[in-house]
Amino acid sequence: MSNLLDGKTIVVMGVANKRSIAWGCAKSLMDNGAKVIITYQNERLKRQLDKLVPEGTEMIECDVAEDANVEKTFQDIQAKFGNIDGVIHAIAYADKETLEGGVIDVKKDGYNLAQDVSAYSLISVSRYASRVMNPQGSIATLTYMGSTRAIPSYNMMGVAKAALEANVRYLASDLGPKKIRVNAISAGAIKTLAVTGIKNHGDLLKESEARTVDGEAVDIHQVGDVATFLMSNLSSGVTGDLIYADKGVHLLA
């Protein structure tokens with residue numbers, strides 16, 4: 001526990017269950033003094049979160065599929081809690097057919113859906129969040145090195161993550177004059193709900209762990225601590241960047 005984030009209000013988007021990287025981020029932010037507001041996509045997910053989050057944790061619905069939903073969410077947050085200081089964007093999706101096939105087989109609808117939810121949503125979130133964000137605010141998203149390497153079975157999600165990382169750079173440039181930072185965390189492979197949707201995910205997890213410098217897989221809490229750094233004033237000089245939290249897997253890939 002520390003007071004590193006005392007007085008800061010951070011919105012965390014993308015918590016699905018206790019294995020979510022977004023939950024590792026939320027937990028670390030809370031442990032370091034932040035007031036955390038968690039968004040959820042629908043009532044079904046909210047019922048799951050009710051069993052997970054500490055009593056009194058603020059939650060608000062937000063389906064990023066439509067810009068109007070995102071705009072309303074941040075307007076509602078400001079009306080209820082005042083301005084915010086940061087956002088963790090941990091949202092990605094591709095349908096099963098799109099994930100399981102190679103990129104050569106991706107259909108237009110599947111491509112558009114994956115890009116819309118996984119990459120465009122960061123633009124939408126950044127647009128509306130920045131309107132209610134204090135100066136020195138911070139936005140961070142989650143990515144994976146499949147954006148720059150052809151990781152077996154990662155397929156269309158790698159294409160979407162490449163777009164997401166490009167978005168980070170341009171958004172950092174756009175929001176710089178407002179004193180808002182935008183960065184990405186490239187997390188190692190972790191057994192989350194998202195990863196289990198990838199074909200042969202077990203092989204991916206084993207290979208990733210084998211390539212860490214200490215032979216042990218990174219966990220959601222270690223990734224969460226990087227998110228805490230990016231939400232804190234300690235990272236005031238860091239923007240438009242990608243920070244690896246994978247225990248060195250990217251060094252050996």
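This tour moves through a predicted model, naming at each stop what to select and what is found there.

**Stop 1: the annotated tyrosines**

Begin by selecting Tyr144 and Tyr154, the two residues that the UniProt annotation "active site" covers in an unreviewed entry. Tyr144 is found in the loop that runs between strand 5 (133-143) and helix 6 (155-175). The loop between strand 5 and helix 6 holds Tyr154 as well. Are these side chains to be looked for among buried or exposed residues? Tyr144 has a relative accessibility of 9% and therefore counts as buried. Tyr154 is likewise buried, because its relative accessible area is 7%.

**Stop 2: two residues with positive phi**

Remain in the loop between strand 5 and helix 6 and select Ser153. Most residues other than glycine have a negative phi. In Ser153, however, phi is positive, near 75 degrees. Ser153 counts as buried, because its relative accessibility is 16%, under the 20% cut-off for that class.

Next, select Gln136 in strand 5. Its phi is also positive, near 70 degrees, in a residue other than glycine. Gln136 is partly exposed, with a relative accessible area of 38%.

**Stop 3: the annotated binding-site residue**

Now select Ala94, where UniProt places the feature "binding site", again from an unreviewed entry. Ala94 sits in the loop between strand 4 (84-89) and helix 4 (96-100). With a relative accessible area of 8%, Ala94 is buried. Which residues beyond its sequence neighbours is Ala94 in contact with? Leaving aside those within four places in sequence, the contacts of Ala94 are Leu99, Ala114 and Met157. Two of these names return at the next stop: Ala114 belongs to helix 5 and Met157 to helix 6, and both take part in the contact of those helices.

**Stop 4: helix 5 against helix 6**

Select helix 5 (residues 108-130) together with helix 6. Two packed helices are described by the angle between their axes and the distance between the axes. For helix 5 and helix 6, the angle is about 20 degrees and the axes are 9 Å apart. An angle under 35 degrees counts as roughly parallel, and helix 5 and helix 6 are therefore roughly parallel to each other. Helix 5 passes helix 6 in a right-handed crossing.

To display the contact, select these two groups:

- On helix 5: Tyr111, Ala114, Gln115, Ser118, Ala119, Tyr120, Leu122, Ile123, Ser126 and Ser130.
- On helix 6: Met156, Met157, Val159, Ala160, Ala163, Leu164, Asn167, Val168, Leu171 and Leu175.

Coloured by class, the residues of this contact divide into 15 nonpolar, five polar and no charged.

Within helix 5, select Gln115. Gln115 is buried, with a relative accessible area of 15%. Not counting residues up to four places away in sequence, Gln115 touches Tyr120, Met156, Val159, Ala160 and Ala163.

Then select Ala166 in helix 6. Ala166 counts as partly exposed, because its relative accessibility is 23%. A distance drawn from the C-alpha atom of Ala166 to that of Ala119 gives 9.2 Å, although the two residues are 47 residues apart along the chain.

**Stop 5: helix 1 and its cover**

Select helix 1 (residues 21-31), which is mostly covered: nine of its eleven residues are buried. The buried residues are Ile21, Ala22, Trp23, Gly24, Cys25, Ala26, Ser28, Leu29 and Met30. What covers them? The cover includes strand 1 (9-13), strand 2 (35-40), strand 4, strand 5, strand 6 (180-187) and helix 8 (220-231). After helix 1 comes Gly33, with a positive phi near 100 degrees.

**Stop 6: helix 1 against helix 8**

The axes of helix 1 and helix 8 come within 7 Å and cross at roughly 55 degrees. At that angle helix 1 is oblique to helix 8. The crossing of helix 1 and helix 8 is right-handed.

On the side of helix 1, display Ile21, Trp23, Gly24, Cys25, Ser28 and Leu29. On helix 8, these meet Ile220, His221, Val223, Gly224, Asp225, Ala227, Thr228 and Met231. By class, the contact of helix 1 with helix 8 has eight nonpolar, five polar and one charged residues.

How values were computed: Residues are numbered from 1 along each chain as its sequence is written. This is a predicted model: local features need pLDDT of at least 70, side-chain atom pairs count only at pLDDT 80 or more; totals for chains, interfaces and linings use all residues. Side-chain values use heavy atoms; hydrogens and water are left out. UniProt positions are given in the numbering used here, feature names are shortened, and annotations may be inferred rather than shown by experiment. Helices (H or I, at least four residues) and strands (E, at least two) are DSSP runs, numbered from the N terminus. Buried means under 20% relative accessible area, exposed over 50%, partly exposed in between (1.4 Å probe, protein chains only). Axes are lines fitted to C-alpha atoms, for helices over the stretch in contact, and angles run from 0 to 180 degrees between N-to-C directions. Angles under 35 degrees count as roughly parallel, over 145 as roughly antiparallel, 65 to 115 as roughly perpendicular and the rest as oblique. A crossing is left-handed if the near helix is turned anticlockwise from the far one by less than a right angle, and right-handed if clockwise. Contact means heavy atoms within 4.5 Å. Ala, Val, Leu, Ile, Met, Phe, Trp, Tyr, Cys and Pro count as nonpolar, Asp, Glu, Lys and Arg as charged, and the others, Gly among them, as polar.
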